[in-house]
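Dear colleague,

I am handing over the structure we spoke about, and you will find the sequence and the coordinates just below. After them I set out what was found, one region at a time, so that you can follow along in your viewer.

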Amino acid sequence: MNILVTGSNGQGGNEMRVLSKEHGKHQYFFTDVVEADDTYLLDITDKAAVSAFVEAHSIDLIVNCAAYTNVDKAETDQALCELLNAQAPENLAVAMKEVGGLLIHISTDYVFGGDPYNTPCREDQKGTPTGVYGLTKLHGEQRILATGVNHIIIRTAWLYSEFGKNFVKTMLNLTATRPQLKVVFDQVGTPTYAYDLAEVIYDIIENRKYEGKTGIYHFSNEGVCSWYDFTKMIAAYSGQTSCDIQPCHSNEFPSPVKRPAYSVLDKTKIKESFGITIPYWTDSLKKCINNLKSI
Ligand SMILES: NC(=O)c1ccc[n+]([C@@H]2O[C@H](COP(=O)([O-])OP(=O)(O)OC[C@H]3O[C@@H](n4cnc5c(N)ncnc54)[C@H](OP(=O)(O)O)[C@@H]3O)[C@@H](O)[C@H]2O)c1
């Protein structure tokens with residue numbers, strides 16, 4: 001198969017590159033808005049460019065890792081956020097529908113959060129986004145479904161990796177340089193190592209597990225924590241003991257957007273449908289921090 005990966009300079013896309021180099025059976029085309037030696041230029045908001053790329057390389061399957069992911073900035077950049085998170089996934093869906101292909105699309109736990117949940121969110125639960133980012137990602141899902149394309153939409157949460165900017169890297173830096181740090185304990189979810197997410201996508205592709213499995217799925221690491229707990233473990237695994245890390249409420253940090261208080265994902269469906277086991281969040285965090293130490 002010929003597989004197009006979009007947004008491949010980001011966290012999810014780079015982890016897909018790592019895996020395809022290790023054991024890929026198929027031909028992968030890595031693309032992004034910034035061209036490089038091993039990255040083709042493809043702006044997914046350009047519908048004609050998407051169709052042309054799919055035709056030129058006889059693409060059978062798209063993994064969409066591209067998105068507008070700046071949750072705060074999205075509040076004042078709604079048009080671009082909608083274009084990239086909703087219109088562009090529709091462009092990819094239409095292109096795959098035309099050739100009878102499959103779209104694997106990544107969405108977010110931030111499609112939830114408006115209701116006061118206290119049990120893990122299921123795939124069939126109504127989306128209640130609290131901000132523009134979550135709303136546009138929900139629109140993206142809806143626009144994909146409306147095309148009737150074969151799809152696997154995977155909602156994930158709190159992504160981190162060795163690549164790009166993310167919470168783990170930020171906290172490694174802050175806990176190493178500040179004597180004291182306050183981190184919110186009233187937002188609860190589950191961190192996800194982007195490598196673990198890519199591994200599941202890879203397994204679905206390479207082992208043709210997608211057949212007859214069109215639908216929405218949830219994936220994060222196992223377990224539950226707050227951003228405060230997450231930070232405590234980041235400091236512990238990096239051997240950082242000098243920073244005094246204290247829990248605080250979200251209202252102590254002025255933010256342009258209200259983030260979900262609880263957006264834990266129920267992963268029963270993805271585990272049962274694809275026969276996978278999911279690593280516990282602290283085990284994956286330890287792996288990522290060890291990899292970062294060796295860079
Ligand atoms: N990050 C999280 O915590 C998180 C949580 C839940 C779900 N997700 C979802 O997981 C997926 C992957 O997230 P990520 O953290 O890997 O994202 P990321 O690191 O921000 O990567 C996204 C990539 O898409 C590129 N891109 C931007 N505009 C584009 C365009 N018009 N055409 C093609 N590519 C474009 C970006 O390039 P530039 O950087 O140059 O703009 C970047 O390389 C996204 O769907 C996201 O919504 C993320």
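This is a predicted model: local features need pLDDT of at least 70, side-chain atom pairs count only at pLDDT 80 or more; totals for chains, interfaces and linings use all residues.

On the α1 side the contact is made by Gln11, Gly12, Glu15, Met16, Val18, Leu19, Ser20, Glu22 and His23, while α7 contributes Ala194, Tyr195, Ala198, Glu199, Ile201, Tyr202, Ile205 and Glu206.

A second pair of helices can be described in the same terms. Helix α8 (residues 227-238) packs against helix α10 (residues 281-293) at an angle of about 45 degrees, with the two axes 10 Å apart, and this angle makes α8 oblique to α10. The crossing of α8 past α10 is right-handed. In this contact Asp229, Phe230, Met233, Ile234, Tyr237 and Ser238 of α8 meet Trp281, Thr282, Leu285, Lys286, Ile289 and Lys293 of α10.

Turning to the sheet, you will see an open arrangement of seven strands in the order β3-β2-β1-β4-β5-β6-β11, with parallel pairing. The edges are formed by β3 (40-41) and β11 (215-218), each of which pairs on one side only. Strand β2, residues 27-32, pairs with β3 in the parallel sense over two bridges, and in this pairing Asp32 stands opposite Leu41 of β3. Helix α5 (residues 132-147) packs on the sheet, where it touches β5 (102-108), β6 (150-156) and β11, and its direction makes about 160 degrees with that of β5. Helix α7 (residues 194-206) also packs on the sheet, touching β1 (2-6), β2, β4 (61-64), β5 and β6, with a direction that makes about 165 degrees with that of β6.

Strand β2 also runs parallel to β1, to which it is joined by four bridges, and there Ile3 stands opposite Tyr28 of β2.

For the cysteines, a search of the whole structure finds zero disulfides. Cys121 is in no disulfide, and the nearest cysteine sulfur, that of Cys225, is 15 Å away, whereas a disulfide would need the two sulfur atoms within 2.5 Å. Cys121 is buried, with a relative accessible area of 0%. Cys288 is likewise in no disulfide, with the sulfur of Cys225 again the nearest cysteine sulfur, here 14 Å away. Cys288, too, is buried, and its relative accessible area is 0%.

Trp158 has a positive phi of about 45 degrees although it is not a glycine, and it is placed in the loop between β6 and β7 (159-160). With a relative accessibility of 8%, Trp158 counts as buried, because the limit for that class is under 20%. Arg208 also has a positive phi of about 45 degrees without being a glycine, and lies in the loop between α7 and β11. At 44% relative accessibility, Arg208 counts as partly exposed.

Leaving aside residues up to four places away in sequence, Pro129 touches Tyr110, Val111, Phe112, Gly134, Leu135 and Leu138. The C-alpha atoms of Pro129 and Asp115 are separated by 8.8 Å, the two residues being 14 apart along the chain.

With kind regards

How values were computed
Residues are numbered from 1 along each chain as its sequence is written. Side-chain values use heavy atoms; hydrogens and water are left out. Two strands pair if DSSP finds at least two bridges between them. Contact means heavy atoms within 4.5 Å. Axes are lines fitted to C-alpha atoms, for helices over the stretch in contact, and angles run from 0 to 180 degrees between N-to-C directions. Buried means under 20% relative accessible area, exposed over 50%, partly exposed in between (1.4 Å probe, protein chains only). Angles under 35 degrees count as roughly parallel, over 145 as roughly antiparallel, 65 to 115 as roughly perpendicular and the rest as oblique. A crossing is left-handed if the near helix is turned anticlockwise from the far one by less than a right angle, and right-handed if clockwise.
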